[in-house]
Amino acid sequence: SIGISSEARRCMVVAFATSVASPARLFARLLPLSNALLCSQVINAAAFPLSSRLPQRGLSLRAANLPGRVSHLRGGCSLAMSSDSILHDGLYTAKQAVTWEKDGQTYEIGGWAEHKLPPGTKDDSQDPEEQDTDWVDGLDLEGAIAFDPPMPDGTPKHRPRTLVMYGSLRPESFSRKLAFECARILERMGCDVRVYHAQGLPLRDPAIESHPKVQELRQLSLWSEGHVWVSPEMHGEVTGTFKTQIDWLPLNSGSVRPTQGRTVMIAQVSGGSQSFNTVNTLRKLARWMRMPCVTNQSSVPKAWKEFTEGGRMKDSELRERVVDVCEEFYKFTLLMRPYAEFMVDRYSERKEKAEKGRLQTQAEKETAKDTLLKEVKKSMT
């Protein structure tokens, strides 16, 4: 068993593993809640082992059926409250984010599968006859779906894991709508898609890296093999909302890389005439994050004219371009993921690991330099 603080006992549902050797044998015990905190925490990370083939890629996808969970959480919820815990797989099936309040702050987590709700609806209650027709079902994507090039031994067999990020907080934002359309297209081709919602994500501050929204974003990036970035254009650039998400993703955290080697596709929406400022910035960010970016891109001008009231994209050449970009991203990811680790295997880092035992953080490197400088100065006096 694992000891936790009294504060943690008041605020979370704790899932214990009855045996590390048998992760499937889980049971949950509902503890008294306070502060209306509708979340839980997986304390024993061994209960959700990392993939043996891709140990740095995040969570296995085995669902944990926790008895006694609140039904409206729609699949269960578990929250990473510290660096020692991980996000619960139950959130993968949640179509709506879980909301709770603590210390006067409102938080949301999950909702990664919200794009799977019936077209043109905000929940599952609308009459199917009143819903928009899902145009994605009619796309001719058989070539991409059947794409099965020769791959080396050890190539992952699971569906390509895709994280979708968008740059707005408005529920009816056009970047969100476009992000959802991309998610649906990629799922049609065979991707395993999760959409991250940035509501509640604070501005970058190293002092609060344990914040639940930060941990959620980083865990999703570790799980992923490719990213989809969609941002509105605000004053000729990406929005602060989108840039904040990128700022919270470090190039490396010790020997763990949340982004490096993962593929990325880029798209933007504009309220006015067509522009490419934002996709150019996104491409630059991808290069800085050491993420191979697909050559194609999508820029949707006058976005308010391109979507139905239900949030679906209207038939147009712009929509066809979105499909083109998604199709290229899907193929690109399939080709790249067997070689992702090889592509980021660098001489300088191998040398550092051999000398130091592991990759050093920038802070550790600066401290070592300062220490060496002091020793040099001392020897000269």
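**A guided reading of the structure**

K302 is found in the loop that links strand β11 (298-300) to helix α7 (317-336), where helices (H or I, at least four residues) and strands (E, at least two) are DSSP runs numbered from the N terminus. The model is a predicted one, in which local features need pLDDT of at least 70 and side-chain atom pairs count only at pLDDT 80 or more, while totals for chains, interfaces and linings use all residues. Residues are numbered from 1 along each chain as its sequence is written, and side-chain values rest on heavy atoms, with hydrogens and water left out.

Although K302 is not a glycine, its phi is positive, at about 45 degrees. With a relative accessible area of 38%, K302 is partly exposed, given that buried means under 20% relative accessible area, exposed over 50%, and partly exposed in between (1.4 Å probe, protein chains only). A positive phi also occurs at H235, another residue other than glycine, with a value near 55 degrees. H235 sits in the loop between β8 (226-234) and β9 (237-238), and because its relative accessibility is 78%, it counts as exposed.

Among the contacts (heavy atoms within 4.5 Å) in the protein chain with a separation of 6 or more, 71% are made by residues 24 or more positions apart.

Strand β10 (residues 263-269) gives a clear case of burial. Since 7 of its 7 residues are buried, β10 is largely enclosed by the rest of the structure. In a regular strand the side chains alternate between the two faces of the sheet. In β10, T263, M265, A267 and V269 point one way, whereas V264, I266 and Q268 point the other way, and all of them are buried.

What joins β10 to β8, and in which direction do the two strands run? There are 7 bridges between β8 and β10, and the strands run parallel; two strands are taken to pair if DSSP finds at least two bridges between them. V228, for instance, has M265 of β10 as its bridge partner. β10 also runs parallel to β11, to which 3 bridges join it, and V269 is partnered there by V300 of β11. Together with helix α6 (residues 277-288), β10 and β11 make a right-handed β-α-β unit; right-handed here means that, with the strands pointing away from the viewer, the path from the first strand over the helix to the second runs clockwise.

P292 lies in the loop that leads from α6 to β11, and at 23% relative accessibility it counts as partly exposed. The C-alpha atom of P292 is 6.7 Å from that of R262, even though the two residues are 30 residues apart along the chain. Apart from its neighbours within four places in sequence, P292 is in contact with G261, R262, T263, V264, F332 and M336.

R176, in helix α3 (residues 174-189), counts as buried because its relative accessibility is 9%. Not counting residues up to four places away in sequence, R176 touches E114, Y166, R170, P171, H197 and Q199. Helix α4 (residues 212-223) has 12 residues and spans 16 Å from its first C-alpha to its last, close to the 16 Å expected at 1.5 Å a residue, the expected span being 1.5 Å times one less than the number of residues. α4 is mostly covered, with 12 of its 12 residues buried, including K213, E216, R218 and W223.

The cysteines remain to be considered. The structure holds 0 disulfides, a disulfide being a pair of cysteine sulfur atoms within 2.5 Å. C182 is in no disulfide, and the nearest cysteine sulfur, that of C326, is 4.0 Å away; C182 is buried, with a relative accessible area of 1%.
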